[in-house]
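Here are some exercises to work through with the model open in your viewer. Try each task before you read its solution.

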Amino acid sequence: MTGVSREPLVRFEGVRLAYGPATVIEGLDFVLYEGDFFGLVGPNGAGKSTILRALLGRLRPTAGRVVYERELHRELEFGYVPQRHTLDPLFPLT
């Protein structure tokens with residue numbers, strides 16, 4: 001994309017995500033830029049839903065940080081395709 005300014009929206013910096021004492025993911029580093037499409041693919045139990053919960057602010061990292069570069073985090077749009085016919089009640093999505 002020549003000549004197009006892509007502003008960073010969200011940064012994961014050295015993020016560790018856990019449920020109680022059980023660490024699910026650690027050392028997670030990535031940046032999402034304005035206009036990006038972001039997909040998570042992997043086997044059951046790999047941490048896909050955990051990463052989405054952290055991205056949505058529903059799960060706080062136990063180490064590292066999730067940084068919203070601008071106050072747009074309330075305006076971001078997310079799409080979610082569940083594996084099952086029912087939606088996870090922890091996601092604020094319809």
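## Exercise 1: The nonpolar core

In this predicted model, the largest nonpolar core has 15 residues, and Val10, Phe12 and Leu28 are those with the most contacts inside it.

**Task.** Find which elements each supply at least two residues of this core, and which one gives the most.

**Solution.** 
- Step 1. The elements that each supply at least two residues of the core are β1, β2 and α1.
- Step 2. The element that gives the most is β1, with 5 residues.
- Step 3. Now take Phe12 as an example. Leaving aside neighbours within four places in sequence, Phe12 is in contact with Leu28, Asp29, Phe30, Ile51, Ala54, Leu55, Arg65 and Val66.
- Step 4. As background, nonpolar side chains tend to be buried together in soluble globular proteins.

## Exercise 2: The order of elements and the strand pairing

**Solution.** 
- Step 5. For a view of the whole chain, take the contacts between residues at least 6 apart in sequence: 57% of them join residues at least 24 apart.

## Exercise 3: The aromatic cluster

**Task.** Identify the aromatic pairs and decide whether Phe38 counts as buried, partly exposed or exposed.

**Solution.** 
- Step 1. A pair of aromatic rings is described by the distance of the centres and the angle of the planes.
- Step 2. The count comes to 2 aromatic pairs. One of them is Phe12 with Phe30, which is stacked at 4.4 Å centre to centre with 20° between the planes.
- Step 3. This pair links distant parts of the chain, with Phe12 in strand β1 and Phe30 in strand β2, 18 residues apart.
- Step 4. Phe30 and Phe38 also form a stacked pair, at 5.1 Å centre to centre and 20° between the planes.
- Step 5. Ring pairs therefore link Phe12, Phe30 and Phe38 into a cluster.
- Step 6. For accessibility, buried means under 20% and exposed means over 50%. Phe30 has 17% relative accessibility, so Phe30 counts as buried. Phe38 has 36%, so Phe38 counts as partly exposed.

## Exercise 4: The helix and its cover

**Task.** Determine how many residues of α1 are buried and what covers them, then examine Thr50.

**Solution.** 
- Step 1. Helix α1 is mostly covered, as 7 of its 8 residues are buried. These are Lys48, Thr50, Ile51, Leu52, Arg53, Ala54 and Leu55.
- Step 2. The cover over these buried residues includes β1, β2 and β3.
- Step 3. Thr50 is found in this helix, which spans residues 48-55. Thr50 has a relative accessible area of 6%, so Thr50 is buried.
- Step 4. Leaving aside neighbours within four places in sequence, the contacts of Thr50 are Leu17, Tyr19, Val24 and Leu59.
- Step 5. Just after α1, Gly57 takes a positive phi of about 80°.

## Exercise 5: A loop residue and the whole chain

**Task.** Locate Gly45, state whether Gly45 is buried or exposed, and then gather the totals for the chain.

**Solution.** 
- Step 1. Gly45 lies in the loop between β2 and α1. With 79% relative accessibility, Gly45 counts as exposed.
- Step 2. Gly45 and Val24 are 21 residues apart in sequence, and their C-alpha atoms are 8.7 Å apart in space.
- Step 3. Of the 94 residues of the chain, 26% count as buried. The accessible surface comes to about 6,900 Å², of which 51% belongs to carbon and sulfur atoms.
- Step 4. Finally, check the confidence: the mean pLDDT of the chain is 81, and 68% of its residues reach 70 or more.

Definitions and conventions
Residues are numbered from 1 along each chain as its sequence is written. Side-chain values use heavy atoms; hydrogens and water are left out. Helices (H or I, at least four residues) and strands (E, at least two) are DSSP runs, numbered from the N terminus. Buried means under 20% relative accessible area, exposed over 50%, partly exposed in between (1.4 Å probe, protein chains only). Contact means heavy atoms within 4.5 Å. Rings of Phe, Tyr and Trp (its six-membered ring) pair if their centres lie within 6.5 Å; planes under 30 degrees apart count as stacked, over 60 as edge-to-face and the rest as tilted. Accessible areas come from the Shrake-Rupley method with a 1.4 Å probe; for residues, only the protein chains shown count as cover. pLDDT is the predictor's confidence in each residue, from 0 to 100. A nonpolar core is a set of buried Ala, Val, Leu, Ile, Met, Phe, Trp, Tyr and Cys residues joined through side-chain atoms within 4.5 Å.
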